[in-house]
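Work through the exercises below with the sequence and the structure at hand, and try each task before reading its solution.

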Amino acid sequence: MNGNSWFPAPVPSLVRVRAAIDKLAKAEAAALSMTVGLKQARNEARAVLVVLLTRLKAYVQGVADENPDFAVGIVESAGLSVVARGNKPKAVLGVLPGRVSGSVRLAAKAVAKVASYAWQLSKDAGKTWVDLPKTLQAKTTVSGLTPGMTYGFRFRAIVRRGVGDWCEPAWLLVP
């Protein structure tokens with residue numbers, strides 16, 4: 001985005017984003033030493049970078065929205081991809097940030113009028129899964145998660161005819 005006439009003064013500044021990237025890289029390298037407390041510093045650096053990148057993306061989108069005739073070129077000139085807004089199918093499992101830090105809201109596509117739902121989470125990229133409390137509704141809230149960590153979630157329905165398969169997992173970086 002440097003020298004791009006569409007973005008004379010990006011918000012947040014590119015210097016600030018670059019500093020956050022560098023800080024995360026250093027924190028990641030330090031966390032590999034397995035010293036107590038360094039993983040938390042890495043997670044905090046990651047969370048800061050995610051916020052900055054989200055704000056930068058919103059800034060680029062705002063410039064593109066103000067110039068609809070050039071919107072695709074504006075977004076691509078920022079080094080971002082253009083995703084068509086269309087009628088995409090509803091996800092089987094929606095994962096949204098919760099109302100408080102360290103929580104998420106899960107909403108599954110209901111499968112029957114009478115069903116229960118088994119939920120699981122993974123914090124190691126799907127290698128292992130931990131059971132969460134079952135529910136009678138196709139939604140639940142999970143609390144007590146570590147902000148800055150990425151978790152995977154999945155569910156399966158339990159109906160009178162039997163137990164369904166686990167859905168494809170959905171992932172979220174917990175705010």
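The expected span of a helix is 1.5 Å times one less than its number of residues, and helices are DSSP runs of H or I with at least four residues, numbered from the N terminus. The model is a predicted one, in which local features need pLDDT of at least 70 and side-chain atom pairs count only at pLDDT 80 or more, while totals for chains, interfaces and linings use all residues. Residues are numbered from 1 along each chain as its sequence is written, and side-chain values use heavy atoms, with hydrogens and water left out.

**Exercise 1.** Find which residues of α1 are buried (under 20% relative accessible area, with a 1.4 Å probe and protein chains only), and work out how they are arranged around the axis.

*Solution.* Begin with the buried residues of α1, which are Val17, Ala20, Leu24, Ala27 and Ala31. Seen down the axis, they fall within an arc of 90° (taken from the directions from the axis to the C-beta atoms), so they line one face of the helix. On the other side of α1, Val15, Lys26 and Ala29 are exposed (over 50%). Finally, what covers the buried residues includes α2, residues 38–66.

**Exercise 2.** Describe the setting of Arginine 42.

*Solution.* Arginine 42 is found in helix α2, and it is buried, with a relative accessible area of 15%. Leaving aside residues up to four places away in sequence, Arginine 42 touches Leu24, Ala27, Glu28 and Ala31 (heavy atoms within 4.5 Å).

Notes. Helix = DSSP H or I, 4+ residues; strand = E, 2+ residues; numbered from the N terminus.
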